[in-house]
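Hi there,

Here is the structure I promised to pass on.

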Protein chains: 2
Amino acid sequence: MSNQAIQDYYPDQLSYCYGCGRLNEHGLQIKSYWQGDEVVCHFTPKPYHTAIPGYVYGGLIASLIDCHSTGSAAAALARAKNINLEVEAAPRFVTASLKVDYLRPTPLGPPLELRAHIVEIKERKVVVQTTLSANGEICAKGEVVAVLMPENLVKDP
Amino acid sequence: MSNQAIQDYYPDQLSYCYGCGRLNEHGLQIKSYWQGDEVVCHFTPKPYHTAIPGYVYGGLIASLIDCHSTGSAAAALARAKNINLEVEAAPRFVTASLKVDYLRPTPLGPPLELRAHIVEIKERKVVVQTTLSANGEICAKGEVVAVLMPENLVKDP
């Protein structure tokens, strides 16, 4: 999946997430890619994704960290289990907890870069630390505890 | 301010926040009101605010907790300092850290209720714990460390 985002391997019925679903036309549709041992995402906020004028809305920052981290958890579990994503659907994680430290105001305008680092990986739980940078400077740090989605959560389409 | 939301007392130039600014036409425009010693907000997500189909997007939950908690911090400091909001602008807080525990999937459809409880209040820092419920059941718990916005963050209009 070096050239394809992990979100493009989610099954269709799990691709409506506001943050990362490719089929949610109102959503952010973020894309996360392996880069060595890190997973990277670039996203440029819209002008209305503002908090104090000139700075990015903290809720958007939390949303980006959340979806990029659960996506990174899916990518990491697929890699650890040698899942061939061309023939098998990607695993799908949900968020058990999300922590974001806002280190400095994030300027609104330039593309944001998220970098996820896998801290711990188990069969059903992955811990991910993610930084969010603008203009090469880290503006926020997040930690997500991602758990494999319970199968009974999915309703048949 | 018993009948008016704290967000309605933010100065115009600080009312463009995507989550709680009354002047952001693309935003969520949440409203937070005192109810005894708690601050309460109701919000009904749109159908596209989804994660897994049938459930509310976790990033939206984080956004609601974030803005409702900073609003509650502003309301609490105003009350503690006996600020008359009819003549003086409300203080404005930004988020230093945000922690959300997702206790169970939040059903998409019913209105959500957020209840904020002030844990600690100092001149420039307020700690707020907020629950988010649907159908009377708590689905997520958050803690926000809110700090008074640095004055140099605001650009002249």
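Chain A has one helix and six strands, where helices (H or I, at least four residues) and strands (E, at least two) are DSSP runs numbered from the N terminus. Along the sequence, their order is β-β-α-β-β-β-β.

A word on the basis: this is a predicted model, in which local features need pLDDT of at least 70, side-chain atom pairs count only at pLDDT 80 or more, and totals for chains, interfaces and linings use all residues. Residues are numbered from 1 along each chain as its sequence is written, while chains are lettered from A and ligands numbered from 1 in the order in which they are written.

As for overall shape, the C-alpha trace of chain A spans about 45 × 30 × 30 Å along its principal axes. Its radius of gyration is 15 Å, which agrees with the value near 15 Å for a compact globule of 157 residues; the radius is taken over C-alpha atoms, and the globule rule is 2.2 Å times the number of residues to the power 0.38.

Now for the two copies.

Happy modelling!
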